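This briefing goes through one protein chain, topic by topic. Please keep the sequence and the model open while reading.

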Amino acid sequence: MKSILLKTLICGLFLVFSSNFVSAQENLPLVTVTGKGEVKVAPDEVAIRFGVVKIDDTPEAASRGVDSIFKQINTLVSRYNINPSQKSIDYLRLEVWPPDQLVTTPRRKIRAEQGMTIVLKDISMYQGFLSELYKTGINRIDNVEFRTSELRKHQDEARELAVKAAREKAEALAKSLGQSIGAAYSIEEFPENNFPMMRMANQSMNGDGAAESFGQIPITANVTVKFYLK
(Lines give C-alpha, C1' and ligand atoms only; values in the text may rest on other atoms or scores of the structure.)
Protein backbone atom coordinates (compact mmCIF):
# COMPACT_ATOMS: atom_id res chain seq x y z
CA MET A 1 0.00 0.00 0.00
CA LYS A 2 2.85 2.36 0.92
CA SER A 3 4.58 1.49 -2.34
CA ILE A 4 1.47 2.42 -4.35
CA LEU A 5 1.10 5.74 -2.49
CA LEU A 6 4.79 6.54 -3.07
CA LYS A 7 4.53 5.84 -6.80
CA THR A 8 1.38 7.98 -7.00
CA LEU A 9 3.14 10.83 -5.20
CA ILE A 10 6.17 10.65 -7.50
CA CYS A 11 3.97 10.67 -10.62
CA GLY A 12 2.07 13.66 -9.28
CA LEU A 13 5.25 15.61 -8.58
CA PHE A 14 6.57 14.77 -12.04
CA LEU A 15 3.42 16.10 -13.69
CA VAL A 16 3.58 19.28 -11.63
CA PHE A 17 7.24 19.94 -12.49
CA SER A 18 6.66 19.11 -16.16
CA SER A 19 3.73 21.51 -16.30
CA ASN A 20 5.78 24.25 -14.65
CA PHE A 21 8.69 23.66 -17.02
CA VAL A 22 6.47 23.92 -20.13
CA SER A 23 4.83 27.04 -18.73
CA ALA A 24 8.23 28.63 -18.00
CA GLN A 25 9.43 27.81 -21.51
CA GLU A 26 6.36 29.42 -23.06
CA ASN A 27 7.06 32.64 -21.12
CA LEU A 28 10.67 32.91 -22.33
CA PRO A 29 11.38 35.66 -24.88
CA LEU A 30 12.38 33.42 -27.77
CA VAL A 31 12.48 33.67 -31.54
CA THR A 32 12.12 30.35 -33.38
CA VAL A 33 13.44 29.95 -36.91
CA THR A 34 14.27 27.21 -39.38
CA GLY A 35 17.32 27.07 -41.60
CA LYS A 36 18.20 24.97 -44.62
CA GLY A 37 21.65 24.25 -46.01
CA GLU A 38 22.48 22.60 -49.31
CA VAL A 39 25.76 21.44 -50.80
CA LYS A 40 25.98 20.16 -54.37
CA VAL A 41 28.72 17.67 -55.13
CA ALA A 42 29.82 15.69 -58.14
CA PRO A 43 29.27 11.93 -57.73
CA ASP A 44 32.44 9.86 -57.50
CA GLU A 45 30.93 6.37 -57.60
CA VAL A 46 27.97 4.58 -59.14
CA ALA A 47 26.06 1.48 -58.06
CA ILE A 48 24.34 -0.58 -60.75
CA ARG A 49 21.58 -2.93 -59.66
CA PHE A 50 20.62 -5.56 -62.26
CA GLY A 51 19.40 -9.13 -62.61
CA VAL A 52 18.84 -12.17 -64.78
CA VAL A 53 15.54 -14.00 -65.26
CA LYS A 54 15.22 -17.33 -67.06
CA ILE A 55 12.10 -19.48 -67.57
CA ASP A 56 12.46 -23.14 -68.51
CA ASP A 57 10.80 -26.53 -68.12
CA THR A 58 12.81 -27.67 -65.09
CA PRO A 59 14.60 -26.04 -62.14
CA GLU A 60 17.91 -27.40 -63.42
CA ALA A 61 17.48 -25.91 -66.89
CA ALA A 62 16.36 -22.54 -65.56
CA SER A 63 19.27 -22.43 -63.09
CA ARG A 64 21.77 -23.31 -65.83
CA GLY A 65 20.46 -20.43 -67.93
CA VAL A 66 21.10 -17.98 -65.09
CA ASP A 67 24.51 -19.48 -64.26
CA SER A 68 25.63 -19.21 -67.88
CA ILE A 69 25.01 -15.45 -67.90
CA PHE A 70 26.59 -14.89 -64.50
CA LYS A 71 29.77 -16.59 -65.68
CA GLN A 72 30.01 -13.93 -68.40
CA ILE A 73 29.27 -11.22 -65.84
CA ASN A 74 32.07 -12.47 -63.57
CA THR A 75 34.47 -12.46 -66.51
CA LEU A 76 33.47 -8.86 -67.24
CA VAL A 77 33.92 -7.88 -63.59
CA SER A 78 37.41 -9.39 -63.55
CA ARG A 79 38.35 -7.57 -66.74
CA TYR A 80 37.37 -4.25 -65.17
CA ASN A 81 39.42 -5.11 -62.05
CA ILE A 82 36.41 -4.64 -59.78
CA ASN A 83 37.21 -5.54 -56.19
CA PRO A 84 35.08 -8.32 -54.59
CA SER A 85 33.98 -5.81 -51.93
CA GLN A 86 32.37 -3.75 -54.71
CA LYS A 87 29.87 -6.43 -55.67
CA SER A 88 27.07 -8.31 -53.95
CA ILE A 89 24.89 -11.07 -55.30
CA ASP A 90 21.46 -12.30 -54.24
CA TYR A 91 20.50 -15.91 -53.66
CA LEU A 92 19.06 -17.73 -56.65
CA ARG A 93 15.27 -17.70 -56.52
CA LEU A 94 13.15 -20.44 -58.10
CA GLU A 95 9.37 -20.44 -58.46
CA VAL A 96 6.65 -22.14 -60.46
CA TRP A 97 5.60 -19.97 -63.38
CA PRO A 98 3.14 -18.50 -64.03
CA PRO A 99 1.83 -17.90 -60.49
CA ASP A 100 -1.48 -19.45 -59.46
CA GLN A 101 -3.48 -16.29 -60.17
CA LEU A 102 -2.09 -16.10 -63.71
CA VAL A 103 -2.50 -19.72 -64.79
CA THR A 104 -4.09 -19.93 -68.24
CA THR A 105 -2.59 -23.22 -69.44
CA PRO A 106 -2.19 -26.60 -67.74
CA ARG A 107 1.55 -26.64 -68.51
CA ARG A 108 3.63 -24.64 -66.03
CA LYS A 109 7.33 -23.86 -66.06
CA ILE A 110 10.06 -22.81 -63.61
CA ARG A 111 11.24 -19.23 -63.29
CA ALA A 112 14.80 -18.64 -62.04
CA GLU A 113 15.87 -15.16 -60.95
CA GLN A 114 19.06 -13.74 -59.49
CA GLY A 115 20.15 -10.15 -58.83
CA MET A 116 23.49 -8.44 -58.42
CA THR A 117 24.85 -5.00 -57.49
CA ILE A 118 28.14 -3.64 -58.81
CA VAL A 119 29.73 -0.46 -57.43
CA LEU A 120 32.09 1.38 -59.76
CA LYS A 121 34.53 3.60 -57.87
CA ASP A 122 35.42 5.37 -61.13
CA ILE A 123 32.28 6.67 -62.85
CA SER A 124 34.18 7.28 -66.08
CA MET A 125 33.93 3.48 -66.49
CA TYR A 126 30.14 3.58 -66.24
CA GLN A 127 29.13 3.94 -69.89
CA GLY A 128 31.51 1.28 -71.20
CA PHE A 129 30.77 -1.17 -68.39
CA LEU A 130 27.01 -0.82 -68.73
CA SER A 131 27.16 -1.35 -72.50
CA GLU A 132 29.17 -4.55 -72.06
CA LEU A 133 26.94 -5.66 -69.21
CA TYR A 134 23.93 -5.64 -71.53
CA LYS A 135 25.78 -7.91 -73.95
CA THR A 136 26.15 -10.66 -71.32
CA GLY A 137 22.43 -11.33 -71.59
CA ILE A 138 21.04 -9.62 -68.48
CA ASN A 139 17.36 -8.79 -68.88
CA ARG A 140 16.64 -6.63 -65.83
CA ILE A 141 18.03 -3.27 -64.77
CA ASP A 142 16.54 -2.13 -61.47
CA ASN A 143 18.27 1.20 -60.94
CA VAL A 144 21.50 3.13 -61.16
CA GLU A 145 22.66 5.16 -58.15
CA PHE A 146 25.12 8.00 -58.56
CA ARG A 147 26.52 8.86 -55.14
CA THR A 148 29.37 10.37 -53.17
CA SER A 149 31.78 8.38 -51.02
CA GLU A 150 32.14 11.41 -48.68
CA LEU A 151 28.50 11.77 -47.68
CA ARG A 152 29.30 12.44 -43.99
CA LYS A 153 31.69 15.27 -44.87
CA HIS A 154 29.15 16.99 -47.11
CA GLN A 155 26.35 16.49 -44.58
CA ASP A 156 28.45 18.36 -42.02
CA GLU A 157 28.95 21.20 -44.52
CA ALA A 158 25.22 21.38 -45.24
CA ARG A 159 24.47 21.39 -41.50
CA GLU A 160 26.79 24.35 -40.93
CA LEU A 161 25.07 26.26 -43.73
CA ALA A 162 21.67 25.45 -42.22
CA VAL A 163 22.66 26.81 -38.81
CA LYS A 164 24.12 29.93 -40.40
CA ALA A 165 20.91 30.47 -42.38
CA ALA A 166 18.82 30.07 -39.21
CA ARG A 167 20.90 32.64 -37.33
CA GLU A 168 20.72 35.15 -40.19
CA LYS A 169 16.95 34.72 -40.35
CA ALA A 170 16.59 35.20 -36.58
CA GLU A 171 18.74 38.35 -36.68
CA ALA A 172 16.64 39.79 -39.50
CA LEU A 173 13.38 39.06 -37.67
CA ALA A 174 14.63 40.56 -34.42
CA LYS A 175 15.98 43.64 -36.19
CA SER A 176 12.59 44.30 -37.76
CA LEU A 177 11.24 44.55 -34.19
CA GLY A 178 14.04 46.86 -33.08
CA GLN A 179 15.59 44.06 -31.04
CA SER A 180 18.45 41.59 -31.30
CA ILE A 181 19.08 37.93 -30.53
CA GLY A 182 21.15 36.38 -27.80
CA ALA A 183 22.52 32.88 -27.35
CA ALA A 184 20.73 29.87 -28.77
CA TYR A 185 18.23 28.27 -26.40
CA SER A 186 17.81 25.03 -28.34
CA ILE A 187 18.56 23.49 -31.72
CA GLU A 188 16.95 20.54 -33.48
CA GLU A 189 17.88 18.86 -36.74
CA PHE A 190 15.31 17.21 -38.98
CA PRO A 191 16.58 14.10 -40.79
CA GLU A 192 17.10 14.51 -44.51
CA ASN A 193 16.88 11.81 -47.14
CA ASN A 194 20.46 12.15 -48.37
CA PHE A 195 20.66 8.63 -49.69
CA PRO A 196 22.38 8.11 -53.04
CA MET A 197 20.59 9.72 -55.95
CA MET A 198 18.64 7.05 -57.84
CA ARG A 199 18.12 6.99 -61.57
CA MET A 200 16.78 4.35 -63.87
CA ALA A 201 19.24 3.41 -66.57
CA ASN A 202 18.53 5.55 -69.60
CA GLN A 203 19.69 3.03 -72.17
CA SER A 204 17.67 0.43 -74.00
CA MET A 205 18.32 -3.22 -73.24
CA ASN A 206 20.59 -3.56 -76.28
CA GLY A 207 23.02 -1.02 -74.84
CA ASP A 208 22.15 1.83 -77.19
CA GLY A 209 21.64 5.35 -75.91
CA ALA A 210 23.31 8.68 -75.51
CA ALA A 211 26.03 9.25 -72.96
CA GLU A 212 24.76 9.96 -69.45
CA SER A 213 25.18 13.41 -67.94
CA PHE A 214 25.93 12.73 -64.30
CA GLY A 215 25.13 16.19 -62.92
CA GLN A 216 25.52 16.88 -59.19
CA ILE A 217 24.04 15.45 -56.02
CA PRO A 218 22.30 17.84 -53.58
CA ILE A 219 23.12 17.14 -49.92
CA THR A 220 20.76 19.02 -47.59
CA ALA A 221 20.22 19.67 -43.88
CA ASN A 222 17.32 21.32 -42.01
CA VAL A 223 17.45 22.72 -38.48
CA THR A 224 15.13 24.57 -36.11
CA VAL A 225 16.81 26.95 -33.67
CA LYS A 226 15.38 28.95 -30.78
CA PHE A 227 17.29 32.09 -29.85
CA TYR A 228 16.80 34.35 -26.85
CA LEU A 229 15.21 37.65 -27.92
CA LYS A 230 16.78 40.78 -26.42
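Tyr80 sits in the loop that runs between α2 and β3. Its relative accessible area is 19%, and because the cut-off for buried is under 20%, Tyr80 counts as buried. The model is a predicted one, and the points below start from this residue and then widen to the rest of the chain.

**Tyr80 and its surroundings**

- Not counting residues up to four places away in sequence, Tyr80 touches Met125, Gly128, Phe129 and Glu132.
- Tyr80 and Met125 are 45 residues apart along the chain, and their C-alpha atoms are separated by 8.6 Å.
- The residue Asn81 is also found in the loop between α2 and β3, but Asn81 is exposed, with a relative accessible area of 68%.
- Asn81 has a positive phi, near 55 degrees, although Asn81 is not a glycine.
- Most residues other than glycine have a negative phi.

**Aromatic pairs**

- Three aromatic pairs turn up in a search of the whole structure.
- One of them joins Tyr80 and Phe129: the ring centres are 5.2 Å apart and the planes stand at 85 degrees, so the pair is edge-to-face.
- Phe129 belongs to helix α3 (residues 126-135) while Tyr80 is in the loop between α2 (59-79) and β3 (87-89), so this pair ties together parts that are 49 residues apart in sequence.
- Both Tyr80 and Phe129 are buried.
- Another pair is formed by Tyr126 and Phe146, with ring centres 5.4 Å apart and planes at 75 degrees, so the pair is edge-to-face.
- Tyr126 is in helix α3 and Phe146 in strand β6 (residues 140-147), so that pair links distant parts of the chain, 20 residues apart.
- Tyr126 is buried at a relative accessible area of 1%, and Phe146 is buried at 0%.

**Helix α3**

- Which residues of α3 are buried? They are Tyr126, Phe129, Leu130, Ser131, Leu133 and Tyr134.
- The cover over these buried residues includes β2, α2, β5 and β6.

**Nonpolar cores**

- The largest nonpolar core has 28 residues.
- Ile48, Phe50, Ile73, Phe129, Leu133 and Ile138 have the most contacts inside this core.
- At least two residues of this core come from each of β2 (45-56), α2, β5 (109-120), α3 and β6.
- The element that gives the most to this core is α2, with seven residues.
- Leaving aside neighbours within four places in sequence, Phe50 is in contact with Ile73, Gly115, Met116, Ile118, Leu133, Ile138, Arg140, Ile141 and Asp142.
- Another core, of 17 residues, lies apart from the largest one, and Val33, Ala158, Ala166 and Leu229 are among its members.

**Around Trp97**

- A cis peptide bond joins Trp97 and Pro98, with omega at about 0 degrees.
- Most peptide bonds are trans.
- Pro98 has its place in the loop between β4 (93-97) and β5.
- Arg111 lies over the face of Trp97, 4.9 Å from the ring centre.

**The chain as a whole**

- The chain holds four helices and nine strands.
- In order from the N terminus, the elements are α-β-β-α-β-β-β-α-β-α-β-β-β.
- The chain has 230 residues, of which 35% count as buried.
- Of the contacts between residues at least 6 apart in sequence, 84% join residues at least 24 apart.

**Confidence of the prediction**

- The average pLDDT of the chain is 85, and 77% of the residues score at least 70.
- Among the elements, α2 has the highest mean pLDDT (97) and strand β8 (residues 197-199) the lowest (51).
- Over residues 200-211 pLDDT stays under 50, and the model has 26 contacts beyond four places in sequence for them.

Conventions: Residues numbered from 1 in each chain as written. Predicted model: local features only at pLDDT ≥ 70, side-chain atom pairs only at ≥ 80, totals over all residues. Heavy atoms only, no water. Buried < 20%, exposed > 50% of the residue type's maximum accessible area, 1.4 Å probe, protein only. Contact = heavy atoms within 4.5 Å. Phe/Tyr/Trp six-rings, centres within 6.5 Å; stacked < 30°, edge-to-face > 60°. Lys NZ or Arg CZ within 6 Å of the ring centre and 35° of its normal. Core = buried A, V, L, I, M, F, W, Y, C linked by side-chain atoms within 4.5 Å. pLDDT = per-residue confidence, 0-100.
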